[in-house]
Amino acid sequence: MSLDLSLCFSPHVEAAMAAGRPLVALESTIVTHGMPYPANLKTAQAVEAEVRASGAEPATIAVIDGTLKIGIDDGELASLAKAEGVMKLSRADLAYAIAFGKTGSTTVAATMIAARAAGIGVFATGGIGGVHRGGETSLDISADLEELARTNVIVVSAGAKAILDIGRTLEYLETKGVPVVSYGSDDLPAFWARESGFATPLRLDTASAIARFQKTREALGIAGGMLIANPLADDQAIDRGTIEGWIDRALADAAAAGVTGKAVTPYLLGRIVELSDGRSLDTNIALIKANARLAGAIAVALKATG
Ligand code: PSU
Ligand code: MN
């Protein structure tokens with residue numbers, strides 16, 4: 001049996017591709033599972049605007065009624081933002097949703113797969129998934145890490161989410177040969193916080209240096225993506241001590257509620273928004289916008305280097 005996996009490009013994305021303009025992929029799990037309505041919708045729109053302001057075209061990716069969309073329109077974004085029971089898709093179930101006509105948002109892993117299929121080399125998110133705290137016994141390790149090892153897409157993030165075990169996440173990425181590059185910092189950022197306390201494996205200070213690094217990897221035939229960790233501006237970040245208190249409390253609540261599997265990350269993010277009285281949400285919004293700006297600059301630089 002031969003299946004026609006036709007990607008559905010939005011008119012904006014199609015026009016940008018035809019004109020040879022730079023593109024940036026954006027994920028949709030942050031919309032459906034990462035933030036409450038209506039902040040999720042406002043943020044997704046603002047993030048697209050940031051990409052445009054940096055000279056690139058945004059392509060927000062999602063599966064809608066079984067169609068893999070590379071770029072969605074305002075109406076589709078609004079209905080995803082409000083919808084309940086949307087699947088949270090990763091490498092394991094992206095094809096399931098397409099095969100059986102489901103609607104699902106794409107995580108970092110699934111967005112990388114779709115971006116690669118569409119020929120888009122740069123992708124902006126908030127924070128990647130990684131090794132959860134206690135992951136050495138629970139084996140709760142995000143499929144995002146394996147995807148970074150396999151799929152040639154530059155993922156611009158604010159690091160791994162601070163709810164995770166950052167040290168083990170770094171070890172895992174090192175084992176898999178994934179470059180971890182902090183942008184303009186010697187310390188690996190930790191999502192809401194500017195610093196994780198871990199020295200960054202690599203540091204680059206310009207978008208064109210990042211583009212040059214990825215092009216060189218590709219020239220060497222090295223498969224896989226790279227993780228760019230972009231620290232938030234000082235006045236928008238939350239200090240490590242403050243955020244750790246909320247994380248500990250959220251982790252204890254998740255354990256008491258018996259939350260497991262795919263539900264863990266959305267539960268923790270939601271609980272930390274409550275515990276911080278919305279402060280973590282403001283910071284999450286600021287960091288994804290900053291990442292979208294940097295991703296746009298990298299996409300522009302990739303075009304400029306041929
Ligand atoms: N960044 C955010 N909020 C999010 C995510 C990223 O600011 O909700 C999502 C991404 O889609 C990422 C997912 O792939 O969280 C990680 O989920 P898990 O830990 O279950 O792999
Ligand atoms: Mn998990």
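Axes here are lines fitted to C-alpha atoms, for helices over the stretch in contact, and angles run from 0 to 180 degrees between N-to-C directions. With that in hand, helix α3 (residues 39-53) and helix α4 (residues 74-82) pack at an angle of about 145°, their axes 9 Å apart. Helices (H or I, at least four residues) and strands (E, at least two) are DSSP runs, numbered from the N terminus.

This is a predicted model, in which local features need pLDDT of at least 70 and side-chain atom pairs count only at pLDDT 80 or more, while totals for chains, interfaces and linings use all residues. Residues are numbered from 1 along each chain as its sequence is written, and chains are lettered from A and ligands numbered from 1 in the order in which they are written.

**The annotated active site**

- The UniProt annotation "active site", from an unreviewed entry, covers E27 and K161; UniProt positions are given in the numbering used here, feature names are shortened, and annotations may be inferred rather than shown by experiment.
- You will find E27 in the loop between β2 (23-26) and α2 (29-34).
- E27 counts as buried because it has 30 C-beta neighbours inside 10 Å (buried means 20 or more other C-beta atoms within 10 Å of a residue's own, exposed 12 or fewer, and partly exposed in between, with C-beta atoms placed from the backbone).
- Not counting residues up to four places away in sequence, E27 touches I61, T106, T107, V108, T111 and T125; contact means that the C-beta atoms, placed from the backbone, lie within 7 Å.
- K161 sits in the loop between β8 (154-157) and α9 (166-175), and K161 is buried, with 26 other C-beta atoms within 10 Å.
- With residues up to four places away in sequence set aside, K161 touches G127 and F191.

**Around ligand 1**

- Of the 18 residues around ligand 1, G34, T107, G126, G129 and S142 come nearest (a residue is near a molecule if its C-beta atom, placed from the backbone, lies within 6 Å of it).
- Two or more residues of this shell come from each of α2, α12 (264-275) and α13 (279-304), and α2 gives the largest share, 4 residues.

**Where α3 meets α4**

- N40, L41 and A44 in α3 meet L77, A78 and A81 in α4.
- L41, in helix α3, is partly exposed, with 18 other C-beta atoms within 10 Å.
- L41 and D73 are 32 residues apart in sequence and 12 Å apart in space, C-alpha to C-alpha.

Terms used
Contact = placed C-beta atoms within 7 Å.
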